[in-house]
Each structure stands twice: as C-alpha cells, then as structure tokens.
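Okay, thanks for making time, everyone.

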Amino acid sequence: MHDHPSVAPTSGPGEHSSTPERQRRIVHVDLDAFYASVEQRDNPELRGKPVAVGGSRERGVVAAASYEARRFGVHSAMPSITARRKCPELIFVKPRFDVYREVSRQIREILHAYTSLVEPLSLDEAYLDVTENLKNIPYATQVAREVRATIWEETHLTASAGISYNKFLAKMASDQNKPNGQFVITPEMGPAFVESLAVGKFHGIGPATARTMNELGIFTGLDLKAQSLSFLQERFGKAGSHYYWIARAVDHRPVRPDRIRKSVGAENTFEKDLTGFEELKTALQPIIDKVWRHCEQTGVRGRTVTLKVKFSDFQQITRSRTLPGYVESQSGLDQASVHLLRQLFPLDKSVRLLGVSLSALNTDEEAETPQLSLQL
C-alpha cells in the first residue's frame, strides 16, 4: 500500500487552518517496550520472561513492562503491588536511565540520517516528517521499514512505526501492528479509521476526558464528529477545537524538531470549591502522586516546585520555590508543595483548582535528551 501525496483536506479557523500545499508524509517511530527490551537485551537471563522495570517496593510503580508481562495485564504506570498480584512470576529490574538515554541518543542519530525534522516525544518515540528526506526515498513506508531495520542492526531492539499524512494518525497507526510492525493510514482510510475509534483510544484524550465525553454520549470518533465546534469549545476549552478537527482526521501541526519539555505537572479542578488547609492538603496528595509517578517512570528530576491555585472567582496565582538540589523523593516534593500551600493562609476565598509542577529539570542541561510527555 503506497502513501502517494494527495490534496490535504482544508480546514477552518485555528492552528489547523494553514492547509499545506502538499500532503505531508509523517512517520511515528515507537520502540517496543523500550526500557524492558533494553534490560532483556543486556541480560540474556531475562529474555522470554515477564519483566517489569521499576520499584518492587510497596509504593513502587511499573515504568515499563515486557510483552511477556503484558500478557498478564501488567502495564506501565501500574502500582508494583498490583502488577505482582497479576503476575506472581514477575521479575522487577531497577531502571538504568543513563543507559536508556544513551540508547535513545543512538536511535536519534539513526533518525537524523533520514530527515532533520525529528520531533522526540520521549526517550523511545519520535515523529519524523519525511515528505522531503535526505535519502530521496519516494515512499514513507519504505523509510519506516529502513529505519526499523537500522535500529535493529545497530541496537538489537525492535521498533514499530505508523505512517500517515498527519501526526495524529501516524501516532494512532504505530499502535496497530505492535510489536515490530508498521501500519499505514492513507488519506482515503483516515476519516473512516477515526470514526470507528473509541474516544478513549485517541492520542491526547486521557481517561478523565474520555469519561466526560462518555457522559455526554460521545463514545466514538463518529459521535465526536457529530458535535459542533462551539459545543466542543464550550465543554473542553482550547482543546475543543483540536478534538473537532481530529474527529475529521485533520491535523496540520508541523513536526517540531526543537520540542523539549521544560516542566512536568498535574492539576485538578474540584467538584466543589475547598477552603480549609487540611482539605486542600489532602486534595494535593493525588496531584503530587501523579507528578512523582511520572518522575519515577522517566528518571526526570526538577529543582523548582510551583504551586498553581485557581480561586472560585477564577483568579489564578502561582507560588514557586527553587531548591538547592533536585527533588529526589516524593516526600521532598510533598514538603515543598505543602510549604507553598501553607504560606497562602489565611485565604479570603475558596479554591477551585490546585496544580503542582516541577521545572529546572535535569534534562535541561542536555538539551538533546527529551522527556516522556505527560498527559493529564
């Protein structure tokens, strides 16, 4: 199946309006069970066995699971205690982020041999725009096949790829033939592919948004497509217009080679406004948990802790604290966040949203090291 260029769908206002003159060819490359595969590659005794990279202790979290472990229902971001219950044979391996970063650098060099338009999403995945490529290969499918073969030759790791005419569909396509496969979504296939997809499977729609959509009677791409732009913007704010266009298989976001995340954070809007210090401190815990879980999964650490507060009248403030060294534990993040919260008291109005973020990251010093993107 060849991905010939054809006319890109035109679109309406917003970032999607600049219709490209020619159809883009985008490849999304995704390493298969990256951390776990590196561990199995480097330790033959782990091959063919269910492996979880992460902490086995009670509050530990699975950062990556081998395909053998996935058959038992073990997956990344799962508490280690749940993973062990699902798979008693599970072997826990301590993460080696320096090794993963080095392998990631090797892979990025391979990608840059094909195009300078490489946008890393994390250590183990990236978008490539191969519309024009350095090897003058006519088909994106062929580029994807060569890239995957080269990654295998040079690193002994397998990668999957998705090929399409925009980023959203390329990302969705790379999940279709995992592990060690590739899949093309052509312009002819795009709209029908999106219509049949459950909204919870859309890249960029997390569990909370999917639940909200389900409550509104939106279960598939087709249901999403039936909603008006104004309705989606009213319910989902800025993201509403993105959902409107991806439901139509339209996504004109370019591949940005300089994209590196500068902070990692999470926030929560409460069902009812909160006022007391103790109840706000309690509400802060799951937010801190989420941020720290991400730090544990990716090896990312930060020095600046920022607390974001939105009051009942929608006034928003932030308070930050930069520490002498990186925050190395969840209790450290907890102490800094609670300290910032305590300084706000006494409050003269109630709070509708709290957020916590970490910046001045350890990835900032080595600009070539991307970070796992965090969807909240």
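This is a predicted model: local features need pLDDT of at least 70, side-chain atom pairs count only at pLDDT 80 or more; totals for chains, interfaces and linings use all residues.

Residues are numbered from 1 along each chain as its sequence is written, and side-chain values use heavy atoms, with hydrogens and water left out.

Ile205 sits in the loop between α7 (190-196) and α8 (207-215); helices (H or I, at least four residues) and strands (E, at least two) are DSSP runs, numbered from the N terminus. With 5% relative accessibility, Ile205 counts as buried. For the record, buried is under 20% relative accessible area, exposed is over 50%, and partly exposed is in between (1.4 Å probe, protein chains only).

Ile205 and Tyr243 are 38 residues apart in sequence, yet 8.8 Å apart in space, C-alpha to C-alpha. Tyr243 is one of the buried residues of α11. And how many of the eight residues of helix α11 are buried? Seven, so α11 (residues 239-246) is largely enclosed by the rest of the structure. Those buried residues pack against α6 (167-174), α7, α8, α9 (221-225) and α10 (229-236).

On to charges. The structure holds 14 salt bridges, each a side-chain nitrogen of Lys or Arg within 4 Å of a carboxyl oxygen of Asp or Glu. Take Asp32 and Lys178, with their closest N and O atoms 2.6 Å apart. Asp32 is in the loop between β1 (26-31) and α1 (34-42) and Lys178 in the loop between α6 and β8 (182-184), so the pair ties together parts 146 residues apart in sequence. Asp32 is buried, at 2% relative accessibility, whereas Lys178, at 25%, is partly exposed.

Then there's Glu125 with Lys171, another salt bridge, also listed at 2.6 Å between the closest N and O atoms. Glu125 lies in strand β6 and Lys171 in helix α6, so this pair links parts 46 residues apart in sequence. Glu125 is buried at 14%, and Lys171 is buried at 12%.

Last one: Asp124, in the loop between β5 (118-122) and β6 (125-129). Asp124 is buried but has no salt bridge; Arg70, the nearest side chain of opposite charge, is 7.3 Å away. (Lys and Arg count as positive, Asp and Glu as negative; His and the chain ends aren't counted.)

Definitions and conventions:
Contact means heavy atoms within 4.5 Å.
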